[in-house]
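Please keep the structure in view while reading.

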Amino acid sequence: MSQKPGFVLRDVCGEKVIVGESVTTIDFGKLISLNESAAYLWQRAGELGEFTPQQLADALLEEYEVSPEQALNDAEHIANEWKRIGVVE
């Protein structure tokens, strides 16, 4: 899995959001708001390039006090949500 080109994380009025910055991704009516941990995972996914939910879970374990099971569950959930809304492929 990888982030689709043109989607970037921005700070908008103190909130972390994914926005489309290229001509093919721009949609002014749609900003994808992320909480702190989801924004962290988006940044890590970008650093990794190709990523798996397990790699995202590992990143959560490095940054937050969470069980391995909860980290994997959360990572799978956010990766599936990103895929559903079309910001990763």
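Contact means here that heavy atoms lie within 4.5 Å. This is a predicted model, in which local features need pLDDT of at least 70 and side-chain atom pairs count only at pLDDT 80 or more, while totals for chains, interfaces and linings use all residues. Residues are numbered from 1 along each chain as its sequence is written, and side-chain values use heavy atoms, with hydrogens and water left out.

Ser-2 belongs to the segment before strand E1 (7-12), where helices (H or I, at least four residues) and strands (E, at least two) are DSSP runs numbered from the N terminus. Apart from neighbours within four places in sequence, Ser-2 is in contact with Gly-49, Glu-50 and Phe-51, and also with Val-87, Val-88 and Glu-89. With a relative accessible area of 14%, Ser-2 is buried, a term that means under 20%, with exposed over 50% and partly exposed in between (1.4 Å probe, protein chains only).

A nonpolar core is a set of buried Ala, Val, Leu, Ile, Met, Phe, Trp, Tyr and Cys residues joined through side-chain atoms within 4.5 Å. The largest such core has 23 residues, of which Ile-18, Leu-34, Leu-41, Trp-42, Leu-56, Trp-82 and Val-87 touch the most other members. Two or more residues come from each of E1, strand E3 (32-34), helix H1 (36-48), helix H2 (53-63) and helix H3 (68-85), and H1 gives the most, with six. Trp-82, leaving aside its neighbours within four places in sequence, is in contact with residues including Ile-18, Leu-34, Leu-41, Trp-42, Leu-56 and Val-87.

H1 and H2 pack at an angle of about 125°, their axes 10 Å apart; axes are lines fitted to C-alpha atoms, for helices over the stretch in contact, and angles run from 0 to 180 degrees between N-to-C directions. H1 and H2 are therefore oblique to each other, since angles under 35 degrees count as roughly parallel, over 145 as roughly antiparallel, 65 to 115 as roughly perpendicular and the rest as oblique. Among the residues that make this contact are Leu-41 and Ala-45 of H1 and Leu-56 and Leu-60 of H2.

The axes of H2 and H3 come within 8 Å and cross at roughly 130°, and these two helices are therefore oblique to each other. Here Leu-56 and Leu-60 are among the residues of H2 that meet H3, whose partners include Ala-75, Ala-79 and Trp-82.
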